[in-house]
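Please keep the sequence and the model in view while reading the numbered points.

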Amino acid sequence: MRMIRIHAAVLVAALPLLMADVTAAAAPKRAGSCEVRNEDINFFRDNGLTVKLSSKLQFNKVLLREKINAKVTGGVAMLSGRVSSRSMVELAGSLAADTSGIRCVQNYLEVGPPLPEAERPV
């Protein structure tokens with residue numbers, strides 16, 4: 001009986017923390033107007049998220065032939081490049097938004113032929 005009371009007390013104490021995670025997960029990640037906050041910038045976390053997102057985009061079977069540049073700064077993902085169709089733009093944005101650690105996505109992907117090497121932004 002005492003163990004049940006202790007477990008119930010722990011559950012009641014942890015409930016606000018659990019609810020915060022659920023509401024954060026349910027909050028939509030907006031595309032477009034995201035701001036990078038200085039307090040969110042962390043070199044190692046941002047580079048880790050950039051590698052994670054780039055790998056996710058590069059090894060997706062549907063996006064395999066697309067040239068998409070991904071960069072994460074302060075939890076904000078920025079996608080750029082050209083893809084073959086509007087559905088590819090939406091898929092890349094969706095994959096970025098579903099990546100843990102990314103709080104919002106700035107999707108600057110364009111539909112059209114890939115840029116020649118000389119014209120690509122660095």
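This is a predicted model: local features need pLDDT of at least 70, side-chain atom pairs count only at pLDDT 80 or more; totals for chains, interfaces and linings use all residues.

1. The side chain of Arg86 meets that of Glu90 in a salt bridge, with 3.8 Å from N to O. Both residues belong to helix H3 and stand 4 residues apart, which is about one turn of the helix. Glu90, at a relative accessible area of 49%, is partly exposed.

2. The overall arrangement. The protein contains 3 helices and 3 strands. Read from the N terminus, the order of these elements is α-α-β-β-α-β. The protein has 122 residues, of which 26% count as buried. Consider next the contacts between residues at least 6 apart in sequence: 67% of these join residues at least 24 apart.

3. The sheet. How are the strands ordered? The 3 strands make an open sheet in the order S1-S2-S3, with mixed pairing. Strand S1 (67–73) and strand S3 (104–111) are the edge strands, each of which pairs on one side only. From one strand to the next, the twist averages 10°. As background, the strands of a sheet pair through backbone hydrogen bonds, and they may do so in a parallel or an antiparallel manner. Here S1 and strand S2 (residues 76–83) run antiparallel and are joined by 7 bridges.

4. In soluble globular proteins, nonpolar side chains tend to be buried together. The largest nonpolar core in this model has 19 residues, and the members that touch the most others are Leu53, Leu57, Ile68 and Leu79. Which elements supply the core? H2, S1, S2, H3 and S3 each contribute at least two residues. H3 gives the most, with 6 residues.

5. In the whole structure, 5 salt bridges are found. One of them joins Arg103 to Asp40, with the closest N and O atoms 3.5 Å apart. Arg103 lies in the loop between H3 and S3, whereas Asp40 lies in the loop between helix H1 (2–26) and H2, so this pair ties together parts that are 63 residues apart in sequence. Is Asp40 buried or exposed? Asp40 is buried, because its relative accessible area is 18% and the limit for burial is under 20%. Arg103 has a relative accessibility of 29% and counts as partly exposed. Both residues also take part in a network of salt bridges that links Arg37, Glu39, Asp40 and Arg103.

6. A salt bridge between strands. Glu110 forms a salt bridge with Arg82, and their closest N and O atoms are 3.4 Å apart. Glu110 is in strand S3 and Arg82 in strand S2, so the pair links distant parts of the chain, 28 residues apart. Glu110 is partly exposed, with a relative accessible area of 43%. Arg82 is partly exposed as well, at 28%.

7. The aromatic pair. A search of the whole structure gives 1 aromatic pair. The ring centres of Phe43 and Phe44 are 5.1 Å apart and the ring planes lie at 85°, so the pair is edge-to-face; planes over 60 degrees apart are classed in this way. Phe43 has a relative accessibility of 56% and therefore counts as exposed. Phe44, at 68%, also counts as exposed.

Technical notes. Residues are numbered from 1 along each chain as its sequence is written. Side-chain values use heavy atoms; hydrogens and water are left out. Two strands pair if DSSP finds at least two bridges between them. Axes are lines fitted to C-alpha atoms, for helices over the stretch in contact, and angles run from 0 to 180 degrees between N-to-C directions. A salt bridge is a side-chain nitrogen of Lys or Arg within 4 Å of a carboxyl oxygen of Asp or Glu. Buried means under 20% relative accessible area, exposed over 50%, partly exposed in between (1.4 Å probe, protein chains only). Rings of Phe, Tyr and Trp (its six-membered ring) pair if their centres lie within 6.5 Å; planes under 30 degrees apart count as stacked, over 60 as edge-to-face and the rest as tilted. A nonpolar core is a set of buried Ala, Val, Leu, Ile, Met, Phe, Trp, Tyr and Cys residues joined through side-chain atoms within 4.5 Å. Contact means heavy atoms within 4.5 Å.
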